[in-house]
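Subject: the model we talked about

Hi,

Here is the structure I promised to pass on. Have a look at it first, and then read on for my notes.

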Amino acid sequence: MLIVNTLYVKNIRDIQEEIIAEFEVYDDWMDKYNYLIELSRNLPLIDPNLKIKENLINGCQSKVWLNAEYQNGTIHFTADSDAIITKGIVSLLIRVLSGHTPEEIIHTDLYFIDRIGLRQNLSPTRSNGLLSMIKQIKLYALAYQTKFSEK
Amino acid sequence: MKINVNTIRNDFPLLQRQVYNKPLIYLDNGATTQKPVSVINCIHDFHRFKNSSIHRGVHYLSEQATEEYENARKTVQQFLNAAHPHEIVFTAGTTGSVNGIAFSFGERYIGEGDEIIISEMEHHANIVPWQILCERKKASLKIIPFSDDGLLQTKELDRLITPKTRLISVIHISNVLGTINPVEEIIRKAHTFNIPVLVDGAQSVQHASVDVQKMDCDFFVFSGHKIYGPTGIGILYGKEKWLQELPPFQGGGDMVDIVTFEKTTYNRLPFKFEAGTPNYIGAIGLAEALKYVSSLGMNNIMAHEHQLLDYGMSRLNELGYVKIYGTARPKSSILSFNIKGVHPYDAGMVMDKMGIAVRTGTHCAQPVMQHYGIEGTIRASLALYNTAEEIDALVESVKKVKTMFG
């Protein structure tokens, strides 16, 4: 299964490099934000029925809903947010992490965030739910890893 | 006398700086204000030349520091027109003051089944300490509601005040809506039932002249950093008769008279409430800030800010897609609003990159958000150094946000 993944799915590092390249063309913040607004439309949206309290990651400033599903050894995420810029960043995180094995997700260093200048959006003081979302993603990965290694 | 904003701005070094290569437009004064150079120098000089612990040593520096600290207390007393300097207690801030009274008053006067009245527009700092007290003493909170335009429904007090009511604690000026509440009226009514009133002045002392004797409040609290002073210093004013009656809220050095392992007797007012080494440099810095605003004249500051508020309200209303929360008068210079179809967080992010500092979110007043059924607002809070040009820049940023998200 793992071999198939490395053959057909871009690895996490490649996707991060791809995103960094996309953002390199923007030196103006407004262009960056406009691009994030565009990206927010690409987010694999969470099923409205799953927009429940259990899937809500509450930030003080914006909300993020996240759902994880395990299929054939990889985890697939869907999400939504009430703020568009947050949604844009969520779509990037999902693009990087979705469709990978729990192992890969747990050990990923999300360096692209820093490189595209969005680190401040992930600072704990921002409390926009993004930092908690990353934690939640890793927790899902850990849970699935534990669950399936037991079998 | 009209205040000259351009001259005043030179007194505030931070206002000269840029962010993201754009001139900083600082409209987050409700959160904290910038400091005039006189305050900065005063704190700097104290550290450099005068630092010494107060009320302790017999040496020169300690005597001098003690004198400056006690003079700072007198400056605050005069600023609030309190009857005595010992009615002024230095605390860490508004939150510290409210928590202190909630503890001490609660210990002395609150029992099972008693009631405390606050309002629907309180900051969390004037909600949570009372909830903690209520939990501790099995008492309950009652809430004065406000109308959609932001007016406190003081008539409801006739229904809310019962023989069980022990205290009313109310915000003077709402940090979200800007409403200036009729505290005198509330106090008058409360006093006919012998109920004391605490007024949360965190958003009022910097915008209007306060006379605690005329207001006749029993307690008045505010923070230094919101009135151009340093952080970590605040004021608890209490009428002498109350402060005499209340037990201390913290124990430690300086607040005691005689300490034995059997029993300790407490120091006289106000030292009874100032345990440990106080933030004396903060207190002296705060006094310097009060001197600064007094030299400009509270009425002149108020007139200037009012003009800006009216200008801001009309410019935002002109856009046709901005909803302002808190339109009732009298109103202080706080503009809380949302842009139709735009999440306040998105708006704040874009405005930030345009050099505009506003606050977005719930402003530590979630019940106000719940009243309107909203997630948050954008808040531009104005101070004495803001200008009409800055309001124009704010309006331009709102237009930009609308084109990006609306």
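A term to start with: I call a residue buried if 20 or more other C-beta atoms lie within 10 Å of its own, exposed if 12 or fewer, and partly exposed in between, with C-beta atoms placed from the backbone. By that count, buried residues make up 48% of the 406 residues in chain B.

Before the details, the ground rules. This is a predicted model, in which local features need pLDDT of at least 70 and side-chain atom pairs count only at pLDDT 80 or more, while totals for chains, interfaces and linings use all residues. Residues are numbered from 1 along each chain as its sequence is written, and chains are lettered from A and ligands numbered from 1 in the order in which they are written.

Chain B overall

Chain B has 14 helices and 17 strands; these are DSSP runs numbered from the N terminus, with helices being H or I of at least four residues and strands being E of at least two. Along the principal axes, its C-alpha atoms fill a box of roughly 70 × 55 × 35 Å. The radius of gyration of chain B is 22 Å, which agrees with the value near 22 Å for a compact globule of 406 residues (taken over C-alpha atoms; the globule rule is 2.2 Å times the number of residues to the power 0.38). Two residues are in contact here if their C-beta atoms, placed from the backbone, lie within 7 Å. Among contacts in chain B between residues at least 6 apart in sequence, 71% join residues at least 24 apart.

The two domains of chain B

Chain B splits into domain 1 (5-30 + 297-405) and domain 2 (40-295), with bounds from an automatic or database domain assignment. The centres of domain 1 and domain 2 of chain B, taken over C-alpha atoms, are 28 Å apart. Between them, 24 residues of domain 1 of chain B are in contact with 21 residues of domain 2 of chain B. On the domain 1 side, the elements giving two or more residues are α11 (298-319), β14 (334-339), α13 (366-372) and β17 (377-381) of chain B, and α11(B) has the largest share with five residues. That side has 11 nonpolar, 10 polar and three charged residues (Ala, Val, Leu, Ile, Met, Phe, Trp, Tyr, Cys and Pro count as nonpolar, Asp, Glu, Lys and Arg as charged, and the others, Gly among them, as polar).

B:N300 lies in helix α11 of chain B and is partly exposed, with 15 other C-beta atoms within 10 Å. Its C-alpha atom is separated by 9.8 Å from that of B:H207, 93 residues apart along the chain.

Where A meets B

Here 14 residues of chain A are in contact with 13 residues of chain B. From chain A, α3 (29-40) and α4 (84-97) give two or more residues each, and the largest share, five residues, comes from α3(A). By class, the chain A side has eight nonpolar, five polar and one charged residues.

What do the buried residues of α3(A) pack against? They pack against α4 of chain A together with α12 (344-353) and α14 of chain B. The residues in question are A:Y33, A:L36, A:L39 and A:S40. They cover an arc of only 115 degrees around the axis, which puts them on the same side of α3(A); the arc is that of the directions from the helix axis to the C-beta atoms. A:D31 and A:E38, on the other side of α3(A), are exposed.

As for α14(B), B:E390, B:I391, B:L394, B:S397, B:V398 and B:V401 are buried. Seen down the axis of α14(B), these fall within an arc of 115 degrees, so they line one face of the helix. B:E389 and B:T403 are exposed on the other side of α14(B).

Backbone spots to check

A cis peptide bond joins B:L269 and B:P270, with omega about -5 degrees, and another joins B:R329 and B:P330, with omega about 0 degrees. B:P270 is in the loop between β12 (264-266) and α10 (280-296) of chain B.

B:D254, not a glycine, has a positive phi of about 75 degrees; with 16 C-beta neighbours inside 10 Å, B:D254 counts as partly exposed. B:H363 also has a positive phi, near 55 degrees, but counts as buried with 23 C-beta neighbours inside 10 Å.

Cheers
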